[in-house]
Amino acid sequence: MESLNIFIRSIFIDNMVFAFFFGMCSYIAVSKSVKTALGLGLAVTFVMTMTVPLNYLLNEYLLSKGALAWTKIDALKDVDLSFLSFIVFIAVIASFTQLVEMAVEKFSPTLYNQLGIFLPLIAVNCAIMGGSLFMQQKVEAEQITSLWQSIVYGFGSGLGWWLAIVMMAAIREKTTYSHIPEALKGPGIAFIITGLMGIAFMIFSGIKL
Amino acid sequence: MSSVKNLKYLTGPLNANNPVIVQILGICSALAVTVKLKPAIVMGLSVMVVTAFANLVMSLLRKGIPSRIRIIVQLVVIAALVILVDQFLKAYVYDVSKQLSVYVGLIITNCIIMGRVEAFALGNKPWASFLDGIGNGLGYASILVTVAFFRELFGSGQLLGFQIIPESWYAADGGFYYNNGLMLFPPMALILVGCIIWIHRSYNKDLQEK
């Protein structure tokens with residue numbers, strides 16, 4: 001049950017876009033058509049499902065305080081390397097994105113061409129780095145206690161981001177034909193729509209899990 | 001080197017080429033820290049320092065890095081700088097650093113920094129790149145401070161923690177005034193930025209989308 005709660009919470013209540021504004025850069029830039037939004041969302045979800053558990057393992061067995069106890073070396077017992085976590089997390093994410101890019105290029109050139117420049121840019125998508133950093137916080141707060149839960153959390157957060165960008169793209173496709181003040185067209189109205197969607201998403205925060 | 005050109009690197013990003021409201025970069029970490037003015041100022045300064053020094057370092061290294069691995073090199077340089085900033089904040093302004101929580105780490109993935117390194121520092125001299133970094137950091141900070149000003153003033157009636165709206169106005173003391181609680185919620189930051197973009201583009205007609 002605990003994992004189901006984490007799953008639902010990460011999609012709806014702690015939605016990456018509407019509650020924390022993570023991944024806004026690509027969210028605003030890529031949400032012009034539903035098709036590309038679907039592709040990017042898929043890639044982000046996949047990378048997040050993989051990197052959050054990887055970073056969880058690194059956090060458990062390398063970075064956090066006392067994590068090196070498994071080496072059975074006395075001098076390493078109390079070492080706290082958590083100040084290195086930014087650089088380790090981003091290295092994992094960047095190298096994983098590089099791997100995904102090479103794999104997609106090799107096995108599915110059509111998808112590779114569809115995603116184009118957005119694939120390498122996943123490395124600097126704040127949602128992914130944010131997912132790992134929140135995972136680290138939740139481990140400290142003992143809300144995530146196992147590898148399985150970290151997988152569920154990564155997958156759920158990715159799905160939440162996917163949902164948000166596809167919804168946004170669908171709305172923006174419609175607004176192309178609306179009469180919006182000239183100065184508000186493009187990013188201006190996109191921000192305001194996101195804000196209103198965020199207010200709508202706040203109803204989920206009433207759910208007790 | 002003409003100083004006019006250097007000045008343009010500094011002032012351009014403040015208005016016509018603002019990284020947040022014109023290029024739509026770096027919004028990710030920008031909006032969640034704007035509930036109060038103080039964390040917004042600290043965040044703006046941190047991003048400015050990181051952008052400036054990341055630009056400087058990458059500009060110095062630009063001839064020695066093969067382009068295939070440049071993204072990973074950039075990330076390592078930026079991450080190292082952010083770790084320094086994070087440790088500095090923890091040491092000197094611990095309460096703000098607690099409020100900013102994961103958003104300090106998210107400076108690494110702030111699109112402004114990567115964007116400036118990619119677009120400017122890889123093709124320009126170190127000093128110009130450094131100024132460009134400062135300018136863009138200031139542009140980012142100016143938006144953050146504007147949004148935070150309105151959110152803190154209307155959301156909690158304070159600025160930098162000092163009471164601005166007189167206590168006697170409040171309904172609790174027999175007055176007529178209520179704080180606007182909506183200002184404290186995250187979606188309001190987005191709507192405020194949307195309005196800033198609206199005003200800005202009404203004055204800069206060439207930025208409007210056709």
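Because the model is predicted, local features need pLDDT of at least 70 and side-chain atom pairs count only at pLDDT 80 or more, while totals for chains use all residues, and side-chain values use heavy atoms, with hydrogens and water left out.

**Stop one: chain A.** The C-alpha trace of chain A spans about 70 × 45 × 30 Å along its principal axes. Of its 209 residues, 50% count as buried, a word that stands for under 20% relative accessible area, with over 50% called exposed and anything in between partly exposed (1.4 Å probe, protein chains only). If you colour the charged side chains of chain A, you will see 12 positive and 12 negative ones, with the centres of the two sets 9 Å apart; Lys and Arg count as positive, Asp and Glu as negative, and His and the chain ends are not counted.

**Stop two: chain B.** Buried residues make up 51% of the 210 residues in chain B. With the charged side chains coloured again, chain B shows 16 positive and 9 negative ones, and the centres of these two sets lie 14 Å apart.

**Stop three: a charged patch.** Which residues of chain B gather in a patch of positive charge on the surface? Select Lys5(B), Lys8(B), Lys63(B) and Lys125(B), which form this patch; patches are made of residues with over 30% relative accessible area and no salt bridge, and like charges are joined within 9 Å. A salt bridge, in turn, is a side-chain nitrogen of Lys or Arg within 4 Å of a carboxyl oxygen of Asp or Glu.

**Last stop: Lys63(B).** Centre the view on Lys63(B), which lies in the loop between α2 (37–61) and α3 (70–92) of chain B. Is Lys63(B) buried or exposed? Lys63(B) is exposed, with a relative accessible area of 72%.

How values were computed: Residues numbered from 1 in each chain as written. Chains lettered and ligands numbered in written order. Patch = residues over 30% accessible without salt bridge, like charges linked within 9 Å, V, L, I, M, F, W, Y side chains within 5 Å. Areas by Shrake-Rupley, 256 points an atom, 1.4 Å probe, with all protein chains shown as cover. Charge placed at Lys NZ, Arg CZ, Asp CG, Glu CD. Helix = DSSP H or I, 4+ residues; strand = E, 2+ residues; numbered from the N terminus.
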